[in-house]
Amino acid sequence: MGCPRGIRRRPMTSSQTRSALADTLVFDGHNDLPWALRQKFDSRVEEIDLSQHQPRLHTDIPRLREGRVGAQFWSVFVPSNMLPADAVVATLEQIDCVHRIISKNPETFSLVDSAAGVRTAAAEGKIASLMGIEGGHSIDESLGVLRMMRRVGVRYMTLTHNDNTPWARSATGEQVDYGLTDFGRSVVSEMNRLGLIVDLSHVAEQTMHDALNTSSAPVMFSHSSCRGVTDHVRNVPDAVLERLPGNNGVLMLTFVPAFISEACADYERHSDELRQRLGLRTGFHAGQVEEDAAAAAEYARWTSQNQAPQATIADIVRHMEHAREVVGPQHLGIGGDFDGIEQLPRGISGVSSYPTVMDALAERGWSTADLRSLAFGNVLRVLEDTEAAANQDLIPVSRQHAELAHQR
């Protein structure tokens, strides 16, 4: 354990930090490389040499090694505005993309789906590669599809992405009168039974509480930060964070500028308001469909006259310190969201930058033990505890649950 709250150790120097953490690896909760390859390279994995620096990406093997990444949850994301059946197919294509990345680079990556597999890969000097579904739309309201996703190696599912599902409300979806429906709770229970980690990034606050009330295994936030520091709907309120120790879950803090900087969050809100007035798409879907040329030109004029602010490493540190005060050091991790965002904080250049963040935290007095827990240990514990809950079959399939599955 680290220092008691409110008490700081004497900060370590950068050289001391590097020495103390020389054998510490990073277990990152969310990287969108498969989607970036789909968008920028038409998923032509065989033509992309990740062993060389890739300037169009945040992620390549040299930078993963420089960043001391030892385990990575690769997001097998597809947009939540897809038709549900199409989303299932596209998610399987993204899973195929991860398999092809690993097959092309077997000396670097090892596909695993267990804590034991993570430990083995680390011992072999490989990057343990796990998969996470980003949004319940990827199972098309089917517990059978959920079970098959687990069989092909998926280890977590984010309950929603930017849009609601019929059974779970998103933080950025339309206003509805539920967090989780009865079927949504059955999804969480089945995830517990299967050993799938319940990921609560992207979901509405009520959905967070409903999931915590339902789950018998630890939950995670794969890439979120603190609403108590930056008032962004994608961040986690303190009232939810305070429940995380009781669940033994983990908040994996992210580097998304609008989530960690109030100035960036304000700019995003103004930008979205203007795009809505102009009839343009907002948020994730902006620029992904053909748009009115005059409206797009007016928006471009606004952006040229209103330069976006830039987040900094200091913003990342503020969120990590706030979260540490609320939940303690044993419930924190890192989910950078690299290759899922356009802009990065100043001082962050991609997956090579994790040691820079560790240095900044050490200078603030974080102990070596706390930094190691943040970097790797806490999310590995959640993975192990989720497996233990599944192995003990704590959530048996009820008759109603089985009937729901049969109807699909």
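These legends cover a few views of one predicted model.

View 1. The fold has 17 helices and 9 strands, taken as DSSP runs (H or I, at least four residues, for helices; E, at least two, for strands) and numbered from the N terminus. Of its 408 residues, 58% are buried, meaning under 20% relative accessible area with a 1.4 Å probe, protein chains only. Take the contacts (heavy atoms within 4.5 Å) between residues at least 6 apart in sequence: 73% of them join residues at least 24 apart.

**View 2. Helix H14, residues 313-327.** From first C-alpha to last, the 15 residues of H14 reach 21 Å, close to the 21 Å expected at 1.5 Å a residue; the expected span is 1.5 Å times one less than the number of residues. The rest of the structure largely encloses H14, because 11 of its 15 residues are buried. Among them are Asp315, His319, Glu321 and Arg324, along with Ile313 and Met320.

View 3. Gly328 follows the helix, and its phi is positive, near 85 degrees.

View 4. Cys97 is buried, at 0% relative accessible area. Cys226 counts as buried too, with 0% relative accessibility. Searching the whole structure for disulfides (cysteine sulfur atoms within 2.5 Å of each other) turns up 0.

**Notes for every view.** Residues are numbered from 1 along each chain as its sequence is written, and side-chain values use heavy atoms, leaving out hydrogens and water. Since this is a predicted model, local features need pLDDT of at least 70 and side-chain atom pairs count only at pLDDT 80 or more, while totals for chains, interfaces and linings use all residues.

Conventions
Buried < 20%, exposed > 50% of the residue type's maximum accessible area, 1.4 Å probe, protein only.
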